[in-house]
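Here is a short briefing for a first look at this structure. Keep the sequence and the 3D view open as you read.

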Amino acid sequence: MLNYRHLYYFWMVAKEGGFARAADRLEMAVQTISAQVRDLEKSLGHQLLKPSGRGVVLTEAGQAAYVRAEEIFQLGECITDEVREAASSPVVRLSVGLSDGISKLAAHALLEPILAIPNLRLVCHEGEFDELLSELALHQLDVVLAGQAAPRNPNQRLSSERIARTAVQWYGPSSLVKKSARDRFPQSLQDIPVLLPTVHSPLRSTLDAWFHDLGLRPRVVGEFEDSALLAVFAARGLGVFPVSQLGAQDVGLVRGLRLLGDSADIHEEVHAIWSRRGQHHPLVRQLLDAAHAIPSGQHGAK
């Protein structure tokens, strides 16, 4: 095992440029510090310092050791402040997995009720559905939000609940969302550029089937995994895009977007998935309770 006290003395000698200056700084005897550094060199099997004038300089091996020592002791200097902060203001941590296909705007709306929790540390991971379920089973996540329920797998012991089912609306920039386009919706989708979620999203297959049933062949100019990116590029004039009514609450954060029309017969679902350990997390329970409290006109959680 590396002796970190010896490493610290070496670090101080290297920073001060000599044993005498380091001894003054540490208020210790030169002989004591010199002996500690020699012990470190013996344990590592390499000379770390060599004489230079009235002081010392680093050897090649010493430079490598110094870089790591610098990292170690700079981190060490942070510990006192971080421990004090943690003790005075305990952090409430919630790790959430967001499936690639889920609307990030809808996810933000569902997470919003817990954002005001004092000392909240919210950690969000995006990834493939199966990958997130594996992390959940290993207790690396507290809850996963996805567009589908957890599969039946007794080995994973996961529970899931649909916490949102919302109708889909279409938004776009004022340059494209004109009165004529709103009056002719949804047929007007054939005449204006359209942005869609990628095939990773469960909503995409529903939209494709809806287009087919209506005989629509929209001109797709962009596909995005992230609904927030859809909104940003739409606001820049690239096209119109679909978003769940729940997620549409955050569309107002992007200036210049206007409502084109409602696809009341298309719905986006969001499911919360958790492990047995996660069901005891107070914020997971609060998240589910807040979703149940959303008026049924905005979504139908069941």
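Helices and strands here are DSSP runs, numbered from the N terminus; a helix has at least four residues and a strand at least two. By that numbering, Gln245 sits in the loop between strand 9 and strand 10. The model is a predicted one.

**Helix 3**

- Helix 3 runs over residues 30-44, which makes 15 residues.
- At 1.5 Å a residue, helix 3 should span 21 Å, and its end C-alpha atoms are 21 Å apart, so the two values agree.
- The buried residues of this helix are Ile33, Ser34, Gln36, Val37, Leu40 and Glu41.
- They lie on the same side of helix 3, because they cover an arc of only 160° around the axis.
- That buried set packs against helix 1 (4-16), helix 2 (19-26) and strand 1 (49-52).
- Gln31, Lys42 and Ser43 are exposed, and they sit on the face of helix 3 turned away from its buried side.

**Helix 9**

- Which residues of helix 9 are buried? They include Ser227, Leu230, Ala231 and Ala234.
- These residues cover an arc of only 95° around the axis, so they fall on the same side of helix 9.
- Helices and strands both cover the buried residues of helix 9. Among them are helix 5 (104-111), strand 6 (158-173) and strand 7 (193-197).
- The cover also includes strand 8 (219-224), strand 9 (241-244) and strand 10 (257-275).

**A nonpolar surface patch**

- Val221, Leu229, Val232, Phe233 and Leu238 make a nonpolar surface patch of about 360 Å².
- Helix 9, residues 227-235, gives the most to this patch, with three residues.
- Val232 belongs to helix 9.
- The relative accessible area of Val232 is 37%, so this residue is partly exposed.

**Salt bridges**

- Side chains of opposite charge can pair when their charged atoms come close.
- How many salt bridges does the structure hold? There are nine.
- One of them joins Glu71 to Arg68, with the closest N and O atoms 3.0 Å apart.
- Both Glu71 and Arg68 lie in helix 4 (residues 60-88). They are three residues apart, about one turn of the helix.
- Glu71 has 38% relative accessibility and therefore counts as partly exposed. Arg68 has 53% and therefore counts as exposed.
- Another salt bridge links Arg204 and Asp208, whose closest N and O atoms are 3.2 Å apart.
- Helix 8 (residues 202-214) holds both Arg204 and Asp208, four residues apart, about one turn of the helix.
- Is Arg204 buried or exposed? At 11% relative accessibility, Arg204 counts as buried.
- Asp208 is partly exposed, at a relative accessible area of 34%.
- Arg285 and Asp289 also meet through their side chains in a salt bridge (3.5 Å, N to O).
- Arg285 and Asp289 are four residues apart in helix 10 (residues 282-293), so about one helical turn separates them.
- Arg285 counts as partly exposed at 38% relative accessibility. Asp289 counts as partly exposed at 42%.
- Elsewhere, salt bridges that share partners join Arg162, Arg165 and Glu269 into one network.

**Ser99**

- Ser99 has its place in strand 3 (residues 92-99).
- Why does Ser99 count as buried? Its relative accessibility is 8%, and buried means under 20%.
- Leaving out residues up to four places away in sequence, Ser99 touches Lys104, Gly127, Phe129, Leu132, Leu145 and Ala146.

**Gln245**

- Back in the loop between strand 9 and strand 10, Gln245 has a relative accessible area of 29%. Gln245 is therefore partly exposed.
- Gln245 and Ala228 are 17 residues apart along the chain, and 14 Å separates their C-alpha atoms.

Conventions: Residues are numbered from 1 along each chain as its sequence is written. This is a predicted model: local features need pLDDT of at least 70, side-chain atom pairs count only at pLDDT 80 or more; totals for chains, interfaces and linings use all residues. Side-chain values use heavy atoms; hydrogens and water are left out. The expected span of a helix is 1.5 Å times one less than its number of residues. Buried means under 20% relative accessible area, exposed over 50%, partly exposed in between (1.4 Å probe, protein chains only). The arc is that of the directions from the helix axis to the C-beta atoms. Contact means heavy atoms within 4.5 Å. Patches are made of residues with over 30% relative accessible area and no salt bridge: like charges are joined within 9 Å, nonpolar side chains (Val, Leu, Ile, Met, Phe, Trp, Tyr) within 5 Å. Accessible areas come from the Shrake-Rupley method with a 1.4 Å probe; for residues, only the protein chains shown count as cover. A salt bridge is a side-chain nitrogen of Lys or Arg within 4 Å of a carboxyl oxygen of Asp or Glu.
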